[in-house]
Amino acid sequence: MIEINTDDFHKLNQDEIYEHTYEVFTTRAAPEHRSLGYISKEDEIKIVINDEYELKIDQSSSSFNDSGKRSTSQNHGTTGYVTWGASVLFTKWLMSENSIIRLNDLADCSVVELGTGISGVIGSVIGQFCKSYIMTDQKHILKLLKQNIVNNVDNSFTTSTIENELLRDNGSKKNTSKFGNNKKKNLKKSKDKAGYVLPSSNRIEVIDYDWEDCEFTYQNLLT
């Protein structure tokens, strides 16, 4: 058996691991493998889902931290401030014929999404098919998340956690998006495809749920 002398080993902390991972992916990796998975660090991006939905997402590139390093001035991470490609791919899969979940079966379901991030891509699209869709994340994420929900979901949903002022402001202000009209497109219902079954009432909620302190925040999901 080989014995390894660990006297000269340096114990890595979480920030050092994060920085090393970032460097490996963005500097050392081949160009085609340098992406960390987020779509862009632009403050405003457009996402199209299967030619059926056009979403305008507001992000916070300054909060995400251009250097890619974990913020030392705050007690939370920064990954939630940008839109990750996995959320788009997952939404497209849920709407595809290959999905094990049928959208028409969600009309009587309540769904809880953990770690939604600021984009709310999945909930903004899939949430309309559910009786209730609850998006959760840490408190510092929720302001932008709520803004993106009202940007991309029509006002037919009910909510007790998104402020009325935000809903009113979004409905009355002129669209200033650099992408032009960001209104959600109507779902296409072709002649050879059955129409979607939507719930009689639709509720979308945004709740502070910190998975790093589950015991303290668990009550938010129960009330």
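Trainee: How many helices and strands are in the protein chain?

Mentor: Helices (H or I, at least four residues) and strands (E, at least two) are DSSP runs, numbered from the N terminus. In this predicted model, the protein chain has eight helices and five strands. Their order along the sequence is α-β-β-α-α-β-α-β-α-α-β-α-α.

Trainee: What limits apply to the numbers and values?

Mentor: Residues are numbered from 1 along each chain as its sequence is written, and side-chain values use heavy atoms, with hydrogens and water left out. As the model is predicted, local features need pLDDT of at least 70 and side-chain atom pairs count only at pLDDT 80 or more, while totals for chains, interfaces and linings use all residues.

Trainee: What percentage of the residues is buried?

Mentor: Buried means under 20% relative accessible area, exposed over 50%, and partly exposed in between (1.4 Å probe, protein chains only). Of the 223 residues in the protein chain, 40% are buried. The accessible surface, from the Shrake-Rupley method with a 1.4 Å probe and, for residues, only the protein chains shown as cover, is about 14,000 Å² for the chain. Carbon and sulfur atoms hold 50% of that surface.

Trainee: Which strand does β1 join, and how do the two run?

Mentor: Two strands pair if DSSP finds at least two bridges between them. Here β1 (residues 44-49) is joined to β2 by six bridges, and the strands run antiparallel.

Trainee: Which residues point each way from β2?

Mentor: Tyr53, Leu55 and Ile57 point one way, and Glu54, Lys56 and Asp58 the other; all are buried. Strand β2 spans residues 53-58, and six of its six residues are buried.

Trainee: Where is Thr116, and what does it contact?

Mentor: Contact means heavy atoms within 4.5 Å. Thr116 is in the loop between β3 (110-113) and α4 (121-126). Its relative accessible area is 9%, so Thr116 counts as buried. Beyond its neighbours within four places in sequence, Thr116 is in contact with Met135, Thr136, Asp137 and Leu145. For the protein chain, 64% of the contacts with a separation of 6 or more are between residues 24 or more positions apart.

Trainee: Is Tyr209 buried or exposed?

Mentor: Tyr209 is buried, because its relative accessible area is 11%. Tyr209 is in the loop between β5 (203-208) and α7 (214-217). Tyr209 and Leu114 are 95 residues apart in sequence, with 7.9 Å from C-alpha to C-alpha.
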